[in-house]
Amino acid sequence: MSSTEQDQLSQQILETASGLYLKYGLKKVTMDDISKAVGKSRTSIYYYYKNREEVFQAVLDNLIKEVISEIDLSMNKRKFFEEKINEFCIAKVKTSQERASFFRAIETGMDAEEKSKHMTDAHDRMMEAEKNLLLKVFAKSITDNEIPKVSLKEQETVIFILLSSIRGIRREMVLKNNFKNLNPIVNTLTSMVIRHIS
């Protein structure tokens, strides 16, 4: 089997597992289920992933890369720092909403401890990826003299506040099932970031 075929099979395993998680929840999906759905032997699946946990972690890695790529693509359509931060917030809410059903599905059948473990891990990994994406935006904008030189510590503080704020805003809007004020709220949040670093 060529390396391209191996990559394709690995990707197929992850896509299949993701679909099964969405349908049945993480806890109910076994390695047997994945191998049957892929149409390959368990041995073939174990060649790529040692156990269910490894499959789930790889699915999660894939999801994070996909989300970060989408957000980055949206931000790259904007020219200036303020526009990029604004776009990040809008894209963050959009991508979170689009994947909310996946995260609800994987929680199915989990007890509180399992939910805490898996969802905290997913949250932490996503936050880290988003932070790194925003640090690149800061670095480029500082290099281009678009924004003042801000220390790394200050950048990380601003990013933490921004990420926490946009998650809180999204959560409140989900509870009210009302996203119509998203743009003006994000504009205000972005303006606060700009005022702070100026």
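The following dialogue goes through some named features of this predicted model and the definitions behind them.

Student: What should I keep in mind about the numbering and the confidence limits?

Tutor: Residues are numbered from 1 along each chain as its sequence is written, and side-chain values use heavy atoms, with hydrogens and water left out. As this is a predicted model, local features need pLDDT of at least 70 and side-chain atom pairs count only at pLDDT 80 or more, whereas totals for chains, interfaces and linings use all residues.

Student: Why is the pair of Y48 and Y49 called tilted?

Tutor: The structure holds five aromatic pairs. Rings of Phe, Tyr and Trp (its six-membered ring) pair if their centres lie within 6.5 Å, and planes under 30 degrees apart count as stacked, over 60 as edge-to-face and the rest as tilted. The ring centres of Y48 and Y49 are 6.4 Å apart and their planes stand at 40°, so this pair is tilted. Ring pairs also link Y47, Y48 and Y49 into a cluster.

Student: What makes the pair of F102 and F103 edge-to-face?

Tutor: The rings of F102 and F103 are 5.5 Å apart from centre to centre, with 80° between the planes, and the pair is therefore edge-to-face.

Student: How do you know whether Y48, Y49 and F102 are buried or exposed?

Tutor: Buried means under 20% relative accessible area, exposed over 50%, and partly exposed in between (1.4 Å probe, protein chains only). Y48 has a relative accessible area of 18% and is therefore buried, Y49 is buried at 8%, and F102 counts as buried at 9%.

Student: Why are the buried residues of α2 said to line one face of the helix?

Tutor: Helices (H or I, at least four residues) and strands (E, at least two) are DSSP runs, numbered from the N terminus. In helix α2, which covers residues 31-38, M31, I34, S35 and V38 are buried. Seen down the axis of α2, these buried residues fall within an arc of 95°, so they line one face of the helix; the arc is that of the directions from the helix axis to the C-beta atoms.

Student: What is found at the start of α2 and just after it?

Tutor: At the start of α2, a side-chain oxygen of T30 comes to within 3.3 Å of the backbone nitrogen of D32. Just after α2, G39 has a positive phi of about 85°.

Student: Which residues and helices line the largest pocket?

Tutor: The largest pocket has a volume of about 670 Å³. Of the 21 residues that line this pocket, S96, F103, H123, R167 and R170 are the closest to its centre. Helices α4 (52-75), α5 (81-107), α6 (112-143) and α7 (152-176) each supply at least two residues of the lining, and α5 gives the most, with nine residues.

Student: Which helix gives the largest share of the lining of the second largest pocket?

Tutor: The second largest pocket holds about 220 Å³ of space, and the largest share of its lining, five residues, comes from α6. Its lining residues include D72, M75, L133 and K136.

Student: What is the phi of N145 and of N177, and are these residues buried or exposed?

Tutor: Most residues other than glycine have a negative phi, and most peptide bonds are trans. Phi of N145 is near 60°, a positive value in a residue other than glycine, and phi of N177 is near 50°, also positive. N145 lies in the loop between α6 and α7, and its relative accessible area of 67% makes it exposed. N177 lies in the loop between α7 and α8 (182-197) and is exposed at 66%.

How values were computed:
A polar contact is a pair of N or O atoms within 3.5 Å; within protein, one must be able to donate a hydrogen and the other to accept it, and residues adjacent in sequence count only if both atoms are side-chain atoms. On a 1 Å grid over the protein atoms alone, a cavity is a set of points where a 1.4 Å probe fits but cannot get out, and a pocket is an open set with protein on both sides within 12 Å along at least five of seven lines; lining residues have an atom within 4 Å of a point. Grid points are joined across faces, edges and corners, and a volume is the space filled by probe spheres set on the points.
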